[in-house]
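Colleague: I am new to this one. Please take me through it step by step.

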Amino acid sequence: MRKLAIAVMSLCLIFVAACGSAGNNEAANNKAASEGNKETATNAAQEETKTEDAKPVKLRIYSQYADDDTKLPYDYAVAELKKEMPNVELELEVQAQDDGQKLKTYAATGNLPDIFQAGLDIITTFKKSGNILELDAYVDELGYKDKMFPSTMNTLVAEDGHTYAFPYAGNEFALLYYNKELFEKNGVKVPTTYDELLTAVKAFNAAGITPMSLFAKEKWPTVALYDMFVTRNEPQGILKLNAGQASASDPAYKEAAEKIVELVKAGMLPKGATNLNYDQAAALFHQGKAAMFLNGQWEIAESTKQLGDKAGWMYFPGKDAANYEASKYAFSGGGGPGGYAVNPDTKDKDLAAKVAAFLSLKYAEYKFTERGNPLVATKVDKAIITEYPPMMKQLSDDIAKITSTSSFAWGLTDAKFKAALEDASQSLMTGAYSAEQFIEDVNKAVPAAK
């Protein structure tokens, strides 16, 4: 009986073990099936996401597209975008040459493109109406500030500290050109200080040569000349006056007016300078009748064409040798916020912002490498293809060294102040207008501090 009981118990244990084993296998199988289903579901979700990502997306874009200087960079940027984001298609509407009126109409009627080019005027107007997307988060996410030159941050960040467009165009500059041959033949030192500039003015007058040609019939060059003097001691120049953060009687501004009066009375400018247009003033310089000439950096091409290696541009003279070195890279001129902006009501803000940023970088890349234009807002790590003339090469080499920029007259935002400064600076060129009168007239229009 005992043996029989043991045998029965053994059979039961084998049965239980078998049952347990079958149960464990079934659980394992169920678990594997469950995990397999999860993996299949995950893969399906990933494939669905990829499919979603790959779905064609069409974005309307409003951009300049009028000549080689605008068509070629745009086409290049779009081609590069197709490589980076092949599912994105841009539907181009060519920007009208109407000072932004069509774009403003689009905004008013709720028909803004997803991406559009915006300058200071559009940014200022659309900020108030809520028709432009603030891009600060995307600037941080994309590391856009790291792609900017220190001297071009003013094209990225608006006065209120926010970003509304990704820039591609850099600052423009007022330059003082000079005829190297005239300086050498007449034994005149290229001036680095105010005193040396005054000496040069007297020496050229004695030789029957106009010291400096200026088309002062237009007012912006007269503002630029005044600003050049100011920026030797106040890097922000006329911008600080425009913002109501300085007075025309402050030392840097007062001294600038006084120096111009002194130099004009010494014969720095041709007679009737305020009646000279560009063609007349440029002819004096191009024909070797004037030793110096003030204009923007866009003059480089024409002066090179007319004078070849005889033409150069100088760093603006300072108060003394130390000031000259300290202020050498404080440039007069500048730019403002602008570039590709985004409609705040676009369907996919993240995508539109990333496309706008990418286009801006590639637009600048093409202008730098293929158009021979170093005046871009963002750094380019590709070599130039077009050779720069010497003066442009000098400017290109200096861009990364520029410590500050100010503004051209057309970049001033306070209309009353702009008009007053233009009139007063033009009057300074006559020699019949005192520094005291200049200070009084300008201060009447300096806005209250913002």
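Modeller: First, a term: on a 1 Å grid over the protein atoms alone, a cavity is a set of points where a 1.4 Å probe fits but cannot get out, and its lining residues have an atom within 4 Å of a point. Points are joined across faces, edges and corners, and a volume is the space filled by probe spheres set on them. This is a predicted model, in which local features need pLDDT of at least 70, side-chain atom pairs count only at pLDDT 80 or more, and totals for chains, interfaces and linings use all residues. Residues are numbered from 1 along each chain as its sequence is written, and side-chain values use heavy atoms, with hydrogens and water left out.

Colleague: How many cavities of 30 Å³ or more does the structure hold?

Modeller: Rolling a probe the size of a water molecule over the atoms shows where empty space is left. With the cut-off at 30 Å³ or more, the number of cavities in the structure is 2.

Colleague: How much space lies in the largest cavity, and which strand gives the most to its lining?

Modeller: The largest cavity holds about 110 Å³ of space. Of its 13 lining residues, A174, M228, M314, F316 and F331 are the closest to the centre. Strand 4 (172-179), strand 7 (311-314) and strand 8 (330-331) each supply at least two lining residues; strands are DSSP runs of E, at least two residues long, and helices are runs of H or I, at least four, numbered from the N terminus. With 3 residues, the most comes from strand 4.

Colleague: How do the residues of that lining divide by class?

Modeller: Ala, Val, Leu, Ile, Met, Phe, Trp, Tyr, Cys and Pro count as nonpolar, Asp, Glu, Lys and Arg as charged, and the others, Gly among them, as polar. The lining of the largest cavity then divides into 10 nonpolar, 1 polar and 2 charged.

Colleague: How many charged residues does the lining of the second largest cavity have?

Modeller: The second largest cavity has a volume of about 40 Å³. S151, T152, G170, N171, F173, P374, L375, V376 and I399 line it. By class, 5 are nonpolar and 4 are polar, and the number of charged residues is none.

Colleague: Now the chain as a whole. What share of its residues count as buried?

Modeller: The protein chain has 17 helices and 11 strands. Buried means under 20% relative accessible area, exposed over 50%, and partly exposed in between, with a 1.4 Å probe and protein chains only. Of the 450 residues, the buried share is 49%.

Colleague: What do the buried residues of helix 15 pack against?

Modeller: In helix 15 (residues 390-398), the buried residues are M391, M392, L395, S396 and D398. They cover an arc of only 165 degrees around the axis, taken from the directions from the axis to the C-beta atoms, which puts them on the same side of the helix. Contact means heavy atoms within 4.5 Å. The packing partners are strand 4, helix 12 (299-307), strand 7 and strand 8.

Colleague: Is A341 buried or exposed, and which residues does A341 touch?

Modeller: A341 lies in strand 10 (residues 339-342). A341 is buried, with a relative accessible area of 0%. Not counting residues up to four places away in sequence, A341 touches D114, I115, F116, A118, I132, Y164 and A165.

Colleague: Which residues is A281 in contact with, leaving aside its neighbours within four places in sequence?

Modeller: A281 is found in helix 11 (residues 278-286). A281 is buried, with a relative accessible area of 0%. Its contacts beyond those neighbours are S213, L214, F215 and F293.

Colleague: What is the relative accessible area of E159?

Modeller: E159 is found in the loop between helix 5 (136-141) and strand 4. E159 is exposed, and its relative accessible area is 67%.

Colleague: And P86: how far apart in space are P86 and K55, C-alpha to C-alpha?

Modeller: P86 lies in the loop between helix 2 (68-84) and strand 2 (88-94). P86 is exposed, with a relative accessible area of 55%. P86 and K55 are 31 residues apart in sequence, and their C-alpha separation in space is 9.6 Å.

Notes:
1 Å grid on protein atoms, 1.4 Å probe; cavity = no way out; pocket = protein on both sides within 12 Å on 5 of 7 lines; lining within 4 Å.
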